[in-house]
Amino acid sequence: RVPNTAAVTTAERGQYKDLLAEAKRKIDLTRIGTEKIKTRVGATGALVLEIPGEERSKQADLLADKLKEVLTDRAKISRPQKMGELRLKGLEISTSESEAAEAVAKVGGCQVGEVKTGRMRVAWNNYRTLWVQCPLAAAKKIAETGNIKIGWTQTKVELLQARALQCFKCLERGHVQINCKSSNDRRANCYRCGEPGHLARDCSS
């Protein structure tokens, strides 16, 4: 589901009370066009500030800039987005990962910098597929058409199901690394299949 709020996160655990109090004193929300913000603690422990409304993305960008000015280097401010994953199928032989990313950004209405790709996978019969991650709204927009034009050809598009929360350290599901209590450290293993010796983008499982 595409979120109906835009978020700003402050990653500085244990100091939220003081940081937020200072931000409230120095930042006038009406100057950025909003009057209300919802706060919560995210899965990683970061404080999330959510802004509703039609202009939420623009207002969240403005708030993030203001927070960076006020809090300087005492907190890491970021603008997270809910991401979606696509699989492009049947790409022609000359298509590159960067060319596919540019096409996804253009059709999906997002920035190229917001698009990530894996490496082109080539099956025994030369059938080419590519994993792509981009903002969820863009992914759903592209998936609704069922295909995307890349270069001279139309390429099939599949919207992948959202992945379950998974720890980068122990590779178990249901939590993230910052909250991990396991003694197992599998950070050198593949995030996809859990085996050592390769990275997820090179995984053939």
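Cys170 is a buried residue, with a relative accessible area of 0%, and Cys190 likewise counts as buried at 0% relative accessibility. These values come from a predicted model. The cysteine sulfur closest to that of Cys170 belongs to Cys167 and lies 3.8 Å away, which is too far for a bond, because a disulfide calls for a pair of cysteine sulfur atoms within 2.5 Å. Under this rule the number of disulfides comes to zero.

Stepping back to the overall layout, the protein is divided into domain 1 (7–78), domain 2 (83–160) and domain 3 (164–204). Between the C-alpha centres of domain 1 and domain 2 there is a distance of 33 Å.

The largest nonpolar core has 20 residues, and the members that touch the most others are Leu88, Val104, Val115 and Ile148. At least two residues of this core come from each of E5, H3, strand E8 (128–135), helix H4 (136–145) and strand E9 (147–150), with H3 giving the largest share, five residues. Apart from this core lies another, made of 17 residues, including Ile27, Ala46, Ala60 and Val70.

Ile148 shows what such a position looks like in detail: leaving aside neighbours within four places in sequence, Ile148 is in contact with residues including Leu88, Ala103, Val104, Val107 and Ile142, and also with Thr153, Gln154, Thr155 and Val157.

A last stop is Thr95, which sits in the loop between strand E5 (83–89) and helix H3 (97–108). Thr95 counts as buried because its relative accessibility is 7%, and, not counting residues up to four places away in sequence, Thr95 touches Met120 and Ile150.

How values were computed: Residues are numbered from 1 along each chain as its sequence is written. This is a predicted model: local features need pLDDT of at least 70, side-chain atom pairs count only at pLDDT 80 or more; totals for chains, interfaces and linings use all residues. Side-chain values use heavy atoms; hydrogens and water are left out. Helices (H or I, at least four residues) and strands (E, at least two) are DSSP runs, numbered from the N terminus. Buried means under 20% relative accessible area, exposed over 50%, partly exposed in between (1.4 Å probe, protein chains only). Contact means heavy atoms within 4.5 Å. Domain bounds come from an automatic or database domain assignment. A nonpolar core is a set of buried Ala, Val, Leu, Ile, Met, Phe, Trp, Tyr and Cys residues joined through side-chain atoms within 4.5 Å.
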